Amino acid sequence: VVALPLGSDRERTALLADVRDADIVVMVATAGADAQSAADIGRVCSDARVMTTAVVIRDRHTTEDELARTLAQLRPWALMVVVTSDATYVEDLLRSFR
């Protein structure tokens, strides 16, 4: 599970190296947050043939523009995108992959 945005350059480099060995990568972002690093993760996943999923957590104060901006950053890099207002959905989704 990758929480967006990514941390420091060192954390980012380590994470991208780990992604190559994964079976699936789940990117989680809050609607309105910067999710541009999804492109870096997506490129690595695409090259390594790793399946990608994205979850966007939207609260009741999120505007349509904020949601659209986050989706535009994630959508090209995820095979499945889910928008939810329930943060516990991520746990349920991860459980389903077991």
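A residue is called buried under 20% relative accessible area, exposed over 50% and partly exposed in between, computed with a 1.4 Å probe on protein chains only. By this rule Gln-73 is buried, because its relative accessibility is 18%. The model is predicted: local features need pLDDT of at least 70, side-chain atom pairs count only at pLDDT 80 or more, and totals for chains, interfaces and linings use all residues. Residues are numbered from 1 along each chain as its sequence is written, and side-chain values use heavy atoms, with hydrogens and water left out.

Helices (H or I, at least four residues) and strands (E, at least two) are DSSP runs numbered from the N terminus. Gln-73 belongs to helix α3, residues 64-74. Leaving aside residues up to four places away in sequence, Gln-73 has contacts (heavy atoms within 4.5 Å) with Ala-33, Asp-34, Ala-35, Gln-36 and Ala-38.

Arg-49 sits in the loop between α2 (38-48) and β3 (51-57). Arg-49 is exposed, because its relative accessibility is 74%. The phi of Arg-49, a residue other than glycine, is positive, near 60°.

A salt bridge places a side-chain nitrogen of Lys or Arg within 4 Å of a carboxyl oxygen of Asp or Glu. The count is 4 salt bridges, including these:

| Pair | N to O distance |
|---|---|
| Asp-40 and Arg-43 | 3.5 Å |
| Arg-95 and Glu-91 | 3.9 Å |
| Arg-95 and Asp-92 | 2.8 Å |

Salt bridges with shared partners join Glu-91, Asp-92 and Arg-95 into one network. Arg-95 and Glu-91 are about one helical turn apart because they lie 4 residues apart in helix α4 (residues 89-96). Asp-40 and Arg-43 are 3 residues apart in helix α2.
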